[in-house]
Amino acid sequence: MTASLATSALALANQGLAQTSSGKPREYYEIRRYHLQTGPQIRLTDSYLSDALIPALNRLGIAPVGAFHLDIGPETPTLYLLLPCAKLEALVSAELQLVHDEQFMKAAEPFWSAPATAPAFQRIESSLHIAFEGWPKLTPPAATAERGKRIFQLRTYESPSNQDHIRKVEMFHRGEFDIFQRAGFSQVFYSDTLIGPRMPNLTYMLSFSDLTDLNGKWDKFRTDPEWIKLKGSPRYNFEEIVSNISNLILSPTAYSQI
């Protein structure tokens with residue numbers, strides 16, 4: 001799967017370097033989901049990610065790595081990783097490079113060698129994304145003493161056609177970024193999905209201090225006059241350009257770098 005992902009992604013991204021129209025490089029993101037069972041799997045996977053995988057990914061130039069537990073959403077417990085990288089080839093070939101890292105292999109041994117009768121995880125799923133032109137680089141929320149209490153919202157918008165998907169992405173570049181800013185959102189990243197399920201779709205992440213903060217900011221967003229004007233434009237309201245929304249609430253692990 002890793003080799004196939006690398007081949008397809010490299011073809012899509014023209015040798016692994018994408019730029020905006022202004023010449024600024026756009027990051028790539030892998031969103032990885034570890035589906036777990038309650039009990040020892042969670043502790044084993046947490047230890048693997050914090051002590052083995054994330055340090056090794058950092059050595060490959062993949063940083064900062066976000067690690068999150070799914071609080072609200074389907075299929076809990078699930079642990080999410082957000083892997084950002086400026087170079088596509090480094091991102092999609094990372095798993096192939098890990099076996100050559102002796103420090104990683106030593107730290108990863110309990111996870112990698114877990115027996116079939118007591119596996120370290122149920123399944124791993126992964127999707128590949130490219131940052132929006134208008135938001136080409138991940139923006140971690142400002143560090144605070146309350147960082148561990150922050151929550152993150154991961155939203156995916158599916159569209160019924162490629163035309164509708166393009167128009168929804170266009171809406172972000174024609175005003176949504178600014179509306180989010182006025183409403184006080186902490187905007188982490190915005191991306192198109194290159195490889196993954198239920199395409200075409202886009203995915204973005206926001207950060208809040210708590211659910212009350214989340215609800216209050218969304219209330220401001222929905223009543224912003226510029227949002228009302230934008231969504232009412234005939235270019236965007238001639239049909240439903242978003243057919244389904246996935247909305248997940250995540251909390252950062254103690255070892256998350258975001």
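Leaving aside neighbours within four places in sequence, glycine 134 is in contact with His173 and Phe177, where contact means heavy atoms within 4.5 Å. Glycine 134 belongs to the loop between β6 (123-131) and β7; helices (H or I, at least four residues) and strands (E, at least two) are DSSP runs, numbered from the N terminus. With a relative accessibility of 36%, glycine 134 counts as partly exposed. On this scale, buried means under 20% relative accessible area, exposed over 50%, and partly exposed in between, for a 1.4 Å probe and protein chains only. The C-alpha atoms of glycine 134 and arginine 26 are separated by 9.2 Å, although these residues are 108 places apart along the chain.

The model is predicted: local features need pLDDT of at least 70, side-chain atom pairs count only at pLDDT 80 or more, and totals for chains, interfaces and linings use all residues. Residues are numbered from 1 along each chain as its sequence is written, and side-chain values use heavy atoms, with hydrogens and water left out.

The strands may be considered next. Eight of them form a closed barrel in the order β3-β5-β4-β10-β7-β9-β8-β6, with antiparallel pairing; two strands pair if DSSP finds at least two bridges between them. From one strand to the next the twist averages 35°, with axes taken as lines fitted to C-alpha atoms (for helices over the stretch in contact) and angles running from 0 to 180 degrees between N-to-C directions. Isoleucine 31 stands opposite leucine 82 of β5.

β9 is joined to β7 by eight bridges, and the two run antiparallel; glutamine 153 stands opposite leucine 206 in β9. Six bridges join β9 to strand β8 (residues 186-195), again in antiparallel fashion, and serine 186 has serine 207 of β9 as its bridge partner.

Beyond its neighbours within four places in sequence, glutamate 27 is in contact with residues including Pro84, Cys85, His129 and Lys137.

Asp213, Leu214, Lys217, Trp218 and Phe221 of α7 are buried. These residues lie on the same side of α7 because they cover an arc of only 125° around the axis, the arc being that of the directions from the helix axis to the C-beta atoms. An α-helix has 3.6 residues a turn, so residues three or four places apart point the same way. The face turned away from the buried side carries the exposed residues Thr212, Lys220 and Thr223. The buried residues of α7 pack against β7 (151-158), α6 (162-182), β9 (201-208), α8 (225-231) and β10 (244-252). At the N-terminal end, aspartate 210 caps α7, with a side-chain oxygen 3.2 Å from the backbone nitrogen of threonine 212.

Most residues other than glycine have a negative phi, and most peptide bonds are trans. A cis peptide bond, with omega about -10°, joins alanine 63 and proline 64; proline 64 lies in the loop between α2 (40-59) and β4 (66-72). The bond from threonine 76 to proline 77 is also cis, with omega near 0°. Glutamate 75, which is not a glycine, has a positive phi of about 60° and lies in the loop between β4 and β5.

Terms used:
Polar contact = N/O pair within 3.5 Å; in protein donor to acceptor, adjacent residues only side chain to side chain.
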